[in-house]
Amino acid sequence: MKSDTAMLSLRGGADLPTPGAQSATTGWLPGVTSICYGGDYNPEQWPEEVWEQDVALMSEAGVNLVSIGIFAWGLLEPREGEFDFVWLDRLFALLHSAGIRIDLGTPTASPPAWFFHSYPDARVVTREGTVLGFGSRGMASPSSADYRRLSTRIARELARRYGRHPALAMWHVHNEYGAPVSECYSAASSAAFRTWLRARYGTLDVLNAAWGTAFWGQTYGSWEHISAPSATPSVINPTQRLDFSRYTSDALLACFVAERDAIRAESPGIPVTTNFMAGACPSVDLWRWAREVDIVSNDHYLTAADRRGHVGLAMAADLTRSVAGGRPWILMEHSTSGVNWQPRNVAKRAGEMRRNALSHLGRGADAIMFFQWRASRSGAEKFHSAMVPHAGTTSRIWTEVRELGAELGQLAEVLGSTVTADVAVLWDWESFWAQDQEWRPSEDLSHRERVAAFYDRLWRDGLTVDFAHPEADLSAYRLVVAPAAYLVTARAAENLRRYVEGGGTLVVSYFAGIVDENDAVHDGGFGAPLREVLGLTVEEFLPLRDGEQVHLDLPGMVGDVWTDDIVLHGAQVVARYVDGPAAGQPAITRNGLGAGSAWYVSTRLDVDGLAVLLGSAYQDAGLEPSRLPAELEVVRRHGEHADYVVAVNHGDDAAVLLQAGVDLRTGRERPEHEVPAGAPSCSAPRAPRRPRLRRRPRTRRSPGRAGSSR
Ligand code: GAL
């Protein structure tokens, strides 16, 4: 069979092991029984005759949900306290008449000119003291009482007017909290930070001890003397900075909660979300945020410079699903083609948008949405792609948008099915905030790079990954990987010990277990809290010079960036350094503890080196790499009555899925399914856990072959 998609459903496949399984969705959009499809819709930029065309085109494309009003504060409240909902009433009526459901935005990511004129103190102040002005978009200071009051009021007014409208499916509070700016260093921020610190520490003595203020004579004798960590002559107190990151995430969250609660009081039963940027916005701790939203939603944009950006996409999608606790989530924004804000905004080629969309879907998204419906003629985003591009409805993009809508329309039965994973990668925003500060042992230490490298290896090995907080219950996972666990609390260390003792396999990469929650080096030295689980501590860091490489005594294994002077406390040496500052010393170790094992790697391995390391850890964990053809992505979703496997071929060679199953697009049962080069597919194996694949002879992909509809 040759098709450019194969979405298969396995009936009677309930014998599959489901570690980490989450219950099916509780609380999806009321009345929505199919995959949601649509995008941000900003009709206020167009005359109303265009609205009629828009709605007709939406119906043609299978759009069933649009996000509106996200940046419309200035139109909805043209003067303080004066509201104009007439145009929005008409828009609601029009969309409702076409059966298109509404995700109503609160416009608080873009306060109007009058707001900043009346309340200049609400403007964001940067760390260097620059006051950011009006004329763009962006958050006011999250610490401003005036912003809090007026943003809550507009949310409440909207909820009173539309909270019970039959077309309303969901609330979209604000837009991407934390972007484009998150921290604010105004006087109001310092005051609110002090209140936050009092709640955290109670007394100045406790704060002084936690911040280690005896160092450099920073001891505080009055709360009033503490401020936001503005620019200083030398490096700022790192614990003050870490606490300010925590404060900022909490302050932004308080803004969300205030709007959400105002909405809930007027709009019972309608879920409230805000669009996250999992993985891309470092300033909000989504483990905390996800508890406060009714449904998790996420925005994702490919990094155009990265030819394997689909792996970054998969990572963002897995992180989103993980913060959602495994429940289905909403892809609130992605792009039909190029964006407008990267250095080189590479356009998506034929079929790429569909591959991206189905990768998100395979990893748990039950809604596929875009920024934005119709390309803007004016303003800063006029060169951003859209569902209706400037080229109109004769364009390739529009054809693909319609085709994707039709395809998603056939996948309704996938709704609510969930993804399970055997592997967890530890992810902790607080640890990243601490690690990313100045004056660390090497500027080459990058938590982001290490997490992405380990993830890439797991992706190539065909293993589905969840992300997990280090203090979360890990018992459902066969393998836990800690690529960047700089800050490890005593609780997290105990959690990891218990996990391994209970039979788990743990892999820890260097610069781990160094500091506690106050960014203070653990009593007992580097890695002290992990000593029992890893069977070692680190006596001294031995970072490498720029470009310097070290060789391990395993064939072809090379490291760079980092080495350690390790003291063994029971771990076995798996590999040693042949050269470099740690020559003759352990490079990779394994420690058996209880029923499990813990691995430590003390240098930066590339994706091939990680294959060797993880290959051994897989054996401990009873895992097998899938041995799929390169660049073939296969993910499984478990439904109540059937399983679904989404296969997306990012490579140049077609592959055949040797799986019987029903193609959801055609409804036909097939013994095997070809996944053409550059195309998505979805299949479900009957008995074996992973689909077996047969390689097709290599053929050159001609431009446009991959799903081109022209
Ligand atoms: C997002 C934002 C959208 C739009 C988009 C462009 O971050 O939420 O409003 O600006 O980027 O890629």
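A polar side-chain atom of Arg 137 sits 2.8 Å from an oxygen atom of the ligand, a polar contact in the sense of a pair of N or O atoms within 3.5 Å (within protein, one must be able to donate a hydrogen and the other to accept it, and residues adjacent in sequence count only if both atoms are side-chain atoms). The model is predicted, and local features need pLDDT of at least 70, side-chain atom pairs count only at pLDDT 80 or more, while totals for chains, interfaces and linings use all residues. Residues are numbered from 1 along each chain as its sequence is written, and side-chain values use heavy atoms, with hydrogens and water left out.

For Glu 381, a polar side-chain atom is 2.3 Å from a ligand oxygen atom. For Glu 333, an N or O atom of the side chain is 2.9 Å from an oxygen atom of the ligand. On its own the ligand has 310 Å² of accessible area, and the protein covers 94% of that (Shrake-Rupley method with a 1.4 Å probe; for residues, only the protein chains shown count as cover).

The residues around the ligand, meaning those with a heavy atom within 4 Å of it, include Phe 71, Asn 175, Asp 299, Trp 341 and His 384. By class, this shell has four nonpolar, two polar and five charged residues. Here Ala, Val, Leu, Ile, Met, Phe, Trp, Tyr, Cys and Pro count as nonpolar, Asp, Glu, Lys and Arg as charged, and the others, Gly among them, as polar.

The shell takes at least three residues from each of domain 1 (1-31 + 52-62 + 296-418 + 635-655) and domain 2 (64-272). The bounds come from an automatic or database domain assignment, which also gives domain 3 (423-621).

Domain 2 and domain 3 have C-alpha centres 37 Å apart. Their contact (heavy atoms within 4.5 Å) involves 12 residues from domain 2 and 11 residues from domain 3. Between them the two domains bury about 1000 Å², 56% of it on carbon and sulfur atoms; buried area is the accessible area (1.4 Å probe) that two parts lose on being put together, summed over both. On the domain 2 side, Val 235, Leu 242 and Arg 246 lose the most area to domain 3, together 47% of what that side buries.

Arg 246 also forms a salt bridge with Glu 430, the closest N and O atoms being 2.7 Å apart. A salt bridge is a side-chain nitrogen of Lys or Arg within 4 Å of a carboxyl oxygen of Asp or Glu, and one is found across this interface.
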